Amino acid sequence: MKKRIRQTTTLALALAGTLFAGALRAETLRYAGSDFLAGKTEAELAAEVRKNAPGTELRGELIGSMTALDELRAGKIDFALLLLKNPAEIPEIKSGKWRARTVAYHVSYIVAPQSNPVEELSLFQLRGIFADFAEKPLASWSEVPGAGAFSAKIDRVVSTQNDNFALATFQSLVFPRTRFNAALRKTKTDEDALRAVSNSGGAIALVSAPPTGRPDLKTLAVSPADAAGKSATAYRPIPSNIYNRDYPLSIQFFVVYPAENAEKVAPVLETAFSDAFAESLEKSSLMPVPKNIRKMFKKNVDGNEK
């Protein structure tokens with residue numbers, strides 16, 4: 001009888017210890033960030049964190065990058081999800097007080113028909129095509145280097161599939177001090193924009209996903225040359241060029257957190273670099289960092305961040 005009591009007591013203590021340890025592991029991480037990431041991306045991150053680190057919950061809302069930065073400075077959140085053009089402009093990241101881990105990229109793709117002989121454009125030429133009050137407005141392909149005898153009128157098309165964020169991002173990268181050309185055509189989806197390009201020999205479209213499976217279309221290379229007379233190498237929007245920051249029409253999606261919170265946010269980083277979350281990012285028109293880089297980042301989190 002005494003032996004049975006001791007066994008029961010031991011089992012009860014072990015169960016109590018397990019429950020106590022689980023309670024210690026349970027944690028709520030607070031966040032804020034860029035509103036573009038709200039919805040499916042946000043929900044997938046929370047679900048994957050919950051799966052990979054049982055007991056860890058994410059709580060917050062994506063209400064804009066500037067607000068998120070303010071809340072991070074005030075200590076109201078543990079980490080931020082931010083889309084940034086240049087993280088080095090944030091003093092806390094530049095000084096090392098905060099860490100910024102690249103998770104993915106928002107990319108602008110410039111698409112034209114295969115029949116168009118032009119293979120590349122510069123930021124200066126894109127401004128001439130898409131911007132109002134450009135220094136050198138471009139109305140015909142005959143005015144674009146590389147067009148040869150091709151002289152069709154330039155038909156500008158932009159997709160609004162990701163609300164106005166994709167347009168605002170492109171504008172901030174190419175012509176931040178003016179607005180879009182009033183003559184452009186807007187479509188509701190990327191697919192509608194690609195269809196418009198396919199049906200118009202002189203069309204050029206701004207979309208947020210590459211035209212995969214469309215042999216009649218091509219994605220143009222883009223150079224960072226942003227003034228008349230300037231020249232620079234043009235790069236296509238392939239993962240290696242985007243990761244190396246050679247392709248100029250992309251901004252980075254970061255997880256940003258105070259260095260002192262590294263151990264606390266490790267479950268978020270491990271999830272952010274996972275293959276499952278990478279698939280979710282691709283479905284949301286974001287390009288995850290290359291798989292080999294994700295693997296290296298995840299190993300660093302496992303070995304050094306904790």
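Which strands does helix 7 (residues 190–198) lie across? In this predicted model, helix 7 lies across strand 5, strand 7, strand 8, strand 9 and strand 10, and runs at about 165° to strand 9. Those strands make up an open sheet of five, in the order 8-7-9-5-10.

- The pairing within the open sheet is mixed.
- Strand 8 (185–187) and strand 10 (217–219) are the edge strands, each pairing on one side only.
- On average, neighbouring strands of this sheet are turned by 25° against each other, direction ignored.
- Strand 5 (residues 109–113) and strand 10 run antiparallel and are joined by three bridges.
- Val111 has Thr219 of strand 10 standing opposite.
- In general, strands of a sheet pair through backbone hydrogen bonds, and the pairing can be parallel or antiparallel.
- Helix 5 (residues 123–130) lies across strand 5, strand 7 (155–159) and strand 9 (203–207).
- The direction of helix 5 is at about 95° to strand 7, while helix 7 runs at about 165° to strand 9.

**Helix 3 and its cover**

- Helix 3 (residues 65–73) has four buried residues: Ser65, Ala68, Leu69 and Leu72.
- These buried residues line one face of helix 3, because they fall within an arc of 100° when seen down the helix axis.
- As background, an α-helix has 3.6 residues a turn, so residues three or four places apart point the same way.
- The cover over the buried residues of helix 3 includes strand 1 (27–33), strand 3 (79–84), strand 4 (98–107) and strand 12 (250–258).

**Salt bridges**

- The model has 17 salt bridges by the rule applied, among them the pairs described here.
- Side chains of opposite charge can pair when their charged atoms come close.
- Arg30 and Asp78 meet through their side chains in a salt bridge, at 3.2 Å from N to O.
- This pair links distant parts of the chain, with Arg30 in strand 1 and Asp78 in the loop between helix 3 and strand 3, 48 residues apart.
- Arg30 is partly exposed at 27% relative accessibility, whereas Asp78 is buried at 3%.
- A network of salt bridges links Arg30, Asp78 and Lys264.
- Glu48 and Lys51 form a salt bridge in which the closest N and O atoms are 3.2 Å apart.
- Both Glu48 and Lys51 belong to helix 2 (residues 40–52), where they are three residues apart, about one turn of the helix.
- Glu48 counts as buried, with 11% relative accessibility, but Lys51 counts as exposed, with 59%.
- Asp132 forms a salt bridge with Arg179, and the closest N and O atoms are 3.4 Å apart.
- Here too the pair links distant parts of the chain: Arg179 is in the loop between helix 6 (165–174) and strand 8, and Asp132 is in the loop between helix 5 and strand 7, 47 residues away.
- Asp132 is buried, at a relative accessible area of 17%.

- Asn241 is part of helix 8 (residues 239–243).
- Asn241 has a relative accessible area of 13%, so this residue is buried.
- Apart from neighbours within four places in sequence, Asn241 is in contact with Tyr235, Arg236, Asp246 and Tyr247.
- Arg245 sits in the loop between helix 8 and strand 12.
- The phi of Arg245 is near 65°, a positive value in a residue other than glycine.
- Arg245 is partly exposed, with a relative accessible area of 34%.

**A further loop residue with positive phi**

- Ser285 is found in the loop between helix 10 (275–283) and strand 13 (287–288).
- Ser285 is a residue other than glycine and has a positive phi, near 65°.
- For context, most residues other than glycine have a negative phi.
- Ser285 counts as buried, at 14% relative accessibility.

Notes. Residues are numbered from 1 along each chain as its sequence is written. This is a predicted model: local features need pLDDT of at least 70, side-chain atom pairs count only at pLDDT 80 or more; totals for chains, interfaces and linings use all residues. Side-chain values use heavy atoms; hydrogens and water are left out. Buried means under 20% relative accessible area, exposed over 50%, partly exposed in between (1.4 Å probe, protein chains only). Helices (H or I, at least four residues) and strands (E, at least two) are DSSP runs, numbered from the N terminus. The arc is that of the directions from the helix axis to the C-beta atoms. Contact means heavy atoms within 4.5 Å. Two strands pair if DSSP finds at least two bridges between them. Axes are lines fitted to C-alpha atoms, for helices over the stretch in contact, and angles run from 0 to 180 degrees between N-to-C directions. A salt bridge is a side-chain nitrogen of Lys or Arg within 4 Å of a carboxyl oxygen of Asp or Glu.
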